[in-house]
Amino acid sequence: MSKMQSHQAGIELTVKSMVLFFWKPYLTPLTENWRIVMRLIGPTEYGDMRAGFREIRSATIAWEQTQGISAKDKASKYAGPRAAATTTPQATNTTTATAPAAIPMMTTTSNKRDQKKNKPDQKYAPTLLLPKTDFPLRADAAVREHQFRQRCTTDLYAWQRENNGGELFVLHDGPPYANGHLHLGHALNKLIKDFVNRHKVMQGFQVDYRPGWDCHGLPIELKALAELKVTDRSNLSPTQVRAVAQATAQSAVDSQRQEFSSYAVMGDWANGYKTMDKDFETRQLRVFYEMMNKGLIYRANKPVYWSPSSKTALAESELEYKDDHRSRSAWAVVWTTTPWTLPANRCVAVHPKMNYTLFKSSIATDPNTVYLAATDRMDEMKVRFTPPKPKTGTTTTTGDAAVKVVFETLGQLSGQDLVGSRYQHPLTGETSLPFIAADYVTSDSGSGVVHTAPGHGMDDFKACFPLGIEAFCPVDGNGVFTAEAGPELEGLPVQTDGTVKVLEMLVTRNSLIQEQVYVHKYPYDWRTKKPVILRATSQWFANVGTIKEDALKAIEKVRIVPEGARRRLEGFVLSRSEWCISRQRSWGVPIPVMYNVETDEPLLTRESVQHVIDLVKEHGADVWWSLSTEELLAPQYRNDGNTYRKGTDTMDVWFDSGTSWTMIEEKMPRPHLPFVADVYCEGSDQHRGWFQSSLLTSVALTGKAPFGTLITHGFLLDAKGFKQSKSVGNTVDPAVVINGGKNLAKEPAYGTDVLRLWAASSEYTKDIAIGSTILQQVAEGMRKFRTTARFMLGNLKGFKESEAVPYEELSRLDKFMLSEVYQFCKSVNAGYDELMFNKVYGQLQYFSSTTLSSFYLDVIKDTLYSNAESSPARRAIQTVLFHVLTAFNKAIAPLAPHFAEEVYDRYRECFTSEQPTVFRTGWLDFVPEEWNNAEVREEFLVVKQLRTEVNQLLEQARASKVIGPSLEAAVEIQVLSPSSSEKGKEESASSTGWSKVVETYAEDFSKLFITSEVKVTKHQQDEFQTPESNAGAGVFVKELTSFSEGEADANGPRYRLMVKKASLFKCPRCWTFTAQRADSLCGRCGPVVAALEN
C-alpha cells in the first residue's frame, strides 16, 4: 500500500470518531478528552480511533518527506495559530494500545508544550498500566495471512492425522468439475467443509479430507477439441481426443488446487483423487462388475433423453427445464406438441372406460372424412375446427367466432370397443396401425385420442412393449430424420426444418385440423443449453427400481441438514426406476462390453469384465482404445468361433463420481458403521446428481448409505437477490474478494478470513446473497473482532497462566463474566454441532460487542490501568481476560484461522504449555462447570437494570452540563422500605432478590456504573412525598420499583436513584473524583505511585 493510500485509509477509519472528538477543539486539548471520548464510543472503538490517528500521522509525515516538505515550508505556507505545531512521528503499529499520553497533542508554542508535560495528569501517565501489544489493528490480510497459511493448513493436516487420538472422521469431497476457474459457489462449498473439519480437529478427531476432481465428460472433451483447432474433427481418433482431454483436465486441476489453497482449506491436497486416475477407474469398473453380477446392469433399446447438440444420451440429472419453451403443436384428431414424432407413430391410445364419438365436420375439406374424439372433448374439438381469425396487429386469436362449425354425430362407442381396431396413418398411409388401451389417457386435454410413438416417449414405450410393438425411431444421433422417415423428411433436423415439413405434409393430406403455438416446460441439455429429444436407442441401464426401497430405508438413518432436504432426496429416488449409464463419448471410463459382429449380442460376463479390470488396473482406461480387440478379450473368448467388436460407449460421469465412496471403503474401511463417510456436503442440485448416484451405487454394493450426515447448501445471489450469472455480469470472484480488484477503492483486498466469515455468517441452507455492501459489513465485523482482541492482548502483557487467580477468589463481576463465557461456549458448541455456522458467527458478534465492549471491558479499565500491577483485583481481571480471549479465539478459529493464529501468537507465552498453533490447544471443553453460576447471572440482571437507569440520569446530568464524564458524578440509591401501614404485605421472591443485590453490591456499584461514588441508603417511603421533593439544583432523580420477569412488582420496595456532581477532588492519575485535596492522589493511587518511586 502506498503512503497516500495508507493516509486515505486512516482517514476513512477514524472519520466517525473524529466527528465526536473534535466538536470543540478550541476549548479542550486532545489529551484531556481521552476519557470522555472513551465513554462516548467505548474502549475498543476508542483504541481503534487512536490507532487510526497514528496511522494518519505516520503516513502523512512519510509522504511529506518524500515530497521534500519541511517543517519550515509548512510554517510559512500554513500561517495561523497552529502553523508552528510540531509532532513526533510514531510507528504505525505502536506498542501502546490505549493510552491517554500517547494521543498526539496540538499546541502552538514550545512553552505550552512544556507546560503540558508538567501538568499533573501527564506527570503520572508513565505510572499507568496502559495496554501494550504489537497486535495491529489493521489485518493487512493480503500480506500477513501468508505468514500463518502453512502451519494452519498443510502442517496442521499432517500433524492431526498422526497425533490426534480421537476417532477417524471422514468428510468426503464431492468432486468439482475440472473445467475453468473457480467461482464463489466453489468457495462456499469448500469453506463449509473446512468449518466442519477444523471443528473436528480441535475436538481431537483424526480428520480425513481428500479433495477430488471430476475429470471426464462432455465439457472437458469439447474444450479439448477446441484446443486442437482442427476444422474436421471426424478424423480424430479417440486416443487423440483423450490425450488432449486429459491434459486439459489436469491443467484445470492444478489451477483449481492453487485457487482452493488461497481459501485456507485444510486437506490432503498432495493425495487428492481424480476420476481419471487409474486406481479410481479400476474401483469404478469393480462397482460396474458387482452390479452386473447382481443383475442390475442391462441393455435395452428404449427412449432416452438425447441431446442432438451433444450427440449423446443424457440422464435426468443432466437436464434443466425451461418454462417458456415454444412448440408448434398440431391437431390432427390427435394433439401433439412434437409434430416431428408423427412419422414414428405406431398406434393410437384410448382409455377403455371413456366414451368416444364418431363425427363429420361441416368445414372439413373432404365432407366424407370421419373423425373420432372423446365425447367429453367435443366442445374443445369445435374450437379446434374453427378457422383462426386474421391477424390484427400482433395478436392472433384461437378461432373465428363468426364461422359456425357444425358436427354431424354418426355414433358413439366405448374406448374398449375401439381397442384392436385399425386406422390409417395420416402421413405414410399405413392402414394396419392399431388402437391400444392406456390408463394414462384423460379427458382433461387434447382430443382423448393419444398419438403414441414408442421410439420417442417412455410412457409410449411402456404401453407398447408388452404388446410387442417396436420402438420405431427414424431419427439419428444428430437429431436428423433418417431414410426410414421417408424421402420428404430424410436429412431434415427434427426440431426445426423437420417440424415445418411435417406440418406442411399434414396440410397437403388434409389431415391438419389446427396448428397452435404452445408455451410449456421442456427439458434442455444443461451443458449446451439447447433442447433435447426423446429417442429410442440401444443403451446400457442400471436397474435401480429393485434397490429403491433399500435406498429409502438407508436415507431414514441419515442426518440431513436442513431436514427439509430429506423429502427432496426421497422424491428423486422414488421417481426413478432406471438409470441410463452409457454415453456416446470418447473421454470417459469405457463400458467393458464386446459385441458379436454378426448378431450384435453383447459379451458381458464375469471373465470378460474382470480381464478388462486387470488391464485398466495396470495401464489405465486408455487401454480400451490403445489395445486391439483380441487383447481386450479374455483368453477363453479369443478362439470361440465368434468375431467381436469392442463397444464405444463410456459411462455416465455421475457413475464416475457416484462410485468415489469406494476409495474410503478401500483405504479406511469401517464396517461397524451404518455409513461409509461421516459427511457429504454439496449444493441442492446434487439431490438428483452426486448424492443420488452415490446412494444408489453404495446401497447396491454395501446395503448402506455412503453418508452419515448430508449437508445441502443453496446457490449464490447478488446483493439485490438475483441469481448470479456471468452473462448478467453480477458475479463475485472470490479471488477479487481476497486480493482486490483493479480498482482497490471499489474492490478492496479483504483477505481470506473475511471471505470465510462471509460464508460463516450466511444461512447457507438457503440461497445466499453477496455484494460490496455485504462484504463491507463482514469486514467491519472482522475489524471489531480485531479491536476487541487487541484490547485484551494489550492488557495481558506480563500475565502467566500459572498466576491465575482461583475461581473462589474472584469478584462477583469476574464470576459473572466467566458465567457469560460458559454460556458463550455452550451456544458456540451448539452452533457447531448443529452445523449452523451463522449462529456461531452471531454469538461471536454479540459476545464481542455487547458482553465485552459494552460492559465488561468498559468496567474493568480503571482497575487494569490504575491498580498496582500485581494487585489481586488486577490479577483477577487478567485471569478472566485470559479465559475470555482463549474461549473467543478457539471459537473463531475454525472460521477465521489466520486471525486466530495471529492472536494466539501474541499471547502464547501466557500459557503454561505453549503450542505451535491454536488448533493444537484443544476445544472449548476447558470451561469448568463451576463457571455456570446461575445465581450470579440472576443478580446481574438486577445490576444491569440499575446500570441502565443510572446511565439515563447521567445523560440528563451531562446534557444539563452538570457533569462531563461519568466519573464526575456521585450516585445515591435510596431504598424506600414500605410504610408502617404496608409492612404486613409479603414481599415477592424477586423483590427480595433486588434488595439483596442492592445491599450486596453496594461497594461495587461505583465501578459498575463508572462513577466516582455510589452510596446506598435506606428510608421509609412516607419520608418523601414525591421524587422531586428530594431534588435540588443539579440533582437528577428517578424512582422505580423492583421487577419480576420484566414487570413492576407492586409488593416490593421502591428505589430512588439520585445523580449529582461528585463532592471530592479529581485524582490527577486515575481521574476519579475521590481525592481529599485538589491536585493530590486518591487513596488508591498514592500507595501505587509511592511503591513505584521506591
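**Strands and helices**

Author: In strand S30, Val1014 is the bridge partner of Val971. Please note that this is a predicted model.

Reader: How many bridges join S29 to S30, and do they run parallel or antiparallel?

Author: Strand S29 (residues 969-977) and strand S30 (residues 1013-1020) are joined by eight bridges and run parallel.

Reader: And which way does S34 run against S29, parallel or antiparallel?

Author: S34 (residues 1054-1061) is antiparallel to S29, and eight bridges join the two. Within S34, Met1058 is the bridge partner of Glu972.

Reader: How many residues of S29 are buried?

Author: Eight of the nine residues of S29 are buried, so to speak of the strand as mostly covered is fitting.

Reader: Changing topic: what is the span of H12?

Author: Helix H12 covers residues 238-261, and its end C-alpha atoms lie 34 Å apart.

Reader: Which residues of H12 are buried, and what covers them?

Author: The buried residues include Val241, Arg242, Thr248, Gln256 and Phe260. Among the elements covering the buried residues of H12 are helix H10 (184-202), helix H11 (218-228) and helix H21 (623-626).

Reader: How do H11 and H12 pack?

Author: Their axes are 8 Å apart, at an angle of about 105 degrees. The angle falls within 65 to 115 degrees, and H11 and H12 are therefore roughly perpendicular.

Reader: Which residues meet there?

Author: Residues of H11 including Ile220, Lys223 and Leu228 meet residues of H12, among them Val244 and Ala245. The residues of this contact comprise eight nonpolar, one polar and three charged.

Notes. Residues numbered from 1 in each chain as written. Predicted model: local features only at pLDDT ≥ 70, side-chain atom pairs only at ≥ 80, totals over all residues. Heavy atoms only, no water. Helix = DSSP H or I, 4+ residues; strand = E, 2+ residues; numbered from the N terminus. Expected span 1.5 Å × (residues − 1). Buried < 20%, exposed > 50% of the residue type's maximum accessible area, 1.4 Å probe, protein only. Contact = heavy atoms within 4.5 Å. Axes fitted to C-alpha atoms, helices over the stretch in contact; angles between N-to-C directions. Parallel < 35°, antiparallel > 145°, perpendicular 65-115°, else oblique. Nonpolar A, V, L, I, M, F, W, Y, C, P; charged D, E, K, R; others polar. Pairing = 2+ DSSP bridges.
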